[in-house]
Amino acid sequence: VQLQAYGGGLVQAGGSLRLSCAASGLTFSSYAMGWFRQAPGKDREFVARIDRSVGVTYYADSVENRFTISRDNAKNRVYLQMNSLKPEDTAVYYCAADRGAVLARGQAERATIYNYWGQGTQVTVSS
């Protein structure tokens with residue numbers, strides 16, 4: 001299984017970026033997909049998740065109404081559209097795949113439930 005995240009870069013505060021994650025080696029439509037991030041000196045934190053059922057999504061409070069997660073099962077891709085970026089969004093962003101199901105955001109936030117991880121893409125937001 002391979003998850004390849006890309007699309008990161010340097011952007012000014014208030015700008016936008018779209019991250020993509022390409023999945024291979026798994027039945028993509030059978031997996032929920034998540035995005036996490038890790039800033040220097042901080043723990044990895046949950047950003048967003050989209051379940052196998054299109055339309056069921058979860059977001060961290062810090063990104064709600066600014067970020068949008070989506071997926072294209074035909075292309076084995078998951079996306080994270082990030083708008084109104086802030087310097088505190090600076091981090092390495094990781095995509096992850098979970099073959100299980102969750103019933104609430106509290107479960108979706110737990111990194112340990114995800115079976116596969118990508119290598120990460122750097123997002124830097126300048127003030």
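1. A charge is taken to sit over a ring if NZ of Lys or CZ of Arg is within 6 Å of the ring centre and within 35 degrees of the ring normal. Arg18 meets this with Tyr79, lying over the ring face at 4.0 Å from the centre. Arg44 has its charged end over the ring of Tyr94, 3.9 Å from the centre.

2. Basis of the values. This is a predicted model, in which local features need pLDDT of at least 70 and side-chain atom pairs count only at pLDDT 80 or more, while totals for chains, interfaces and linings use all residues. Residues are numbered from 1 along each chain as its sequence is written, and side-chain values use heavy atoms, with hydrogens and water left out.

3. Aromatic pairs. Rings of Phe, Tyr and Trp (for Trp, the six-membered ring) are paired if their centres lie within 6.5 Å; planes under 30 degrees apart count as stacked, over 60 as edge-to-face and the rest as tilted. The structure has 5 such pairs. One of them joins Tyr31 and Tyr116 in a tilted arrangement, 6.1 Å centre to centre with 50 degrees between the planes. This pair links distant parts of the chain, 85 residues apart: Tyr31 is in the loop between β3 (17–24) and β4 (32–38), and Tyr116 is in strand β10 (residues 116–117). Strands here are DSSP runs (E, at least two residues), numbered from the N terminus. Ring pairs also connect Phe36, Phe46, Tyr114 and Trp117 into a cluster.

4. Buried means under 20% relative accessible area, exposed over 50%, and partly exposed in between (1.4 Å probe, protein chains only). Tyr31 counts as buried because its relative accessibility is 9%. Tyr116, at a relative accessible area of 27%, is partly exposed.

5. Nonpolar core. The term covers a set of buried Ala, Val, Leu, Ile, Met, Phe, Trp, Tyr and Cys residues joined through side-chain atoms within 4.5 Å. The largest core has 39 residues, and Met33, Trp35, Leu80, Met82 and Tyr93 have the most contacts inside it. Strand β9 (residues 91–98) gives the most to this core, with 5 residues. Contact means heavy atoms within 4.5 Å. Leaving aside neighbours within four places in sequence, Leu80 is in contact with residues including Leu17, Leu19, Trp35, Val47, Phe67, Ile69 and Tyr93.

6. Two strands pair if DSSP finds at least two bridges between them. β3 and strand β8 (residues 77–82) run antiparallel and are joined by 6 bridges; Cys21 stands opposite Val78 in β8. Strand β7 (residues 67–72) also pairs with β8 in the antiparallel sense, over 6 bridges, and Ser70 stands opposite Tyr79 in β8. The hairpin of β7 and β8 has 4 residues between the strands, and Asn76 there takes a positive phi near 55 degrees.

7. Strand β9 and its partners. Of the 8 residues in β9, 7 are buried. β4 and β9 run antiparallel, joined by 7 bridges, with Met33 opposite Ala97 in β9. β9 pairs with β11 in the antiparallel sense over 3 bridges; the bridge partner of Val92 in β11 is Gln122. β9 and β10 are antiparallel as well, over 2 bridges, and Ala96 has Trp117 of β10 as its bridge partner.

8. Ser20. This residue is found in strand β3 and is buried, with a relative accessible area of 7%. Not counting residues up to four places away in sequence, Ser20 touches Gln4, Ala5, Tyr6, Trp35, Val78 and Tyr79. The C-alpha atoms of Ser20 and Gly34 are separated by 11 Å, the two residues being 14 apart along the chain.

9. Thr121 lies in strand β11 (residues 121–126) and is buried at 10% relative accessibility. The Thr121 side chain reaches the backbone nitrogen of Gly8 at 3.1 Å. Asp89, in the loop between β8 and β9, counts as buried at 0% relative accessibility. A polar atom of the Asp89 side chain lies 2.8 Å from the backbone nitrogen of Lys86. Beyond four places in sequence, Asp89 is in contact with Arg37, Arg66, Phe67, Ser84, Val123 and Val125.

Definitions and conventions
Polar contact = N/O pair within 3.5 Å; in protein donor to acceptor, adjacent residues only side chain to side chain.
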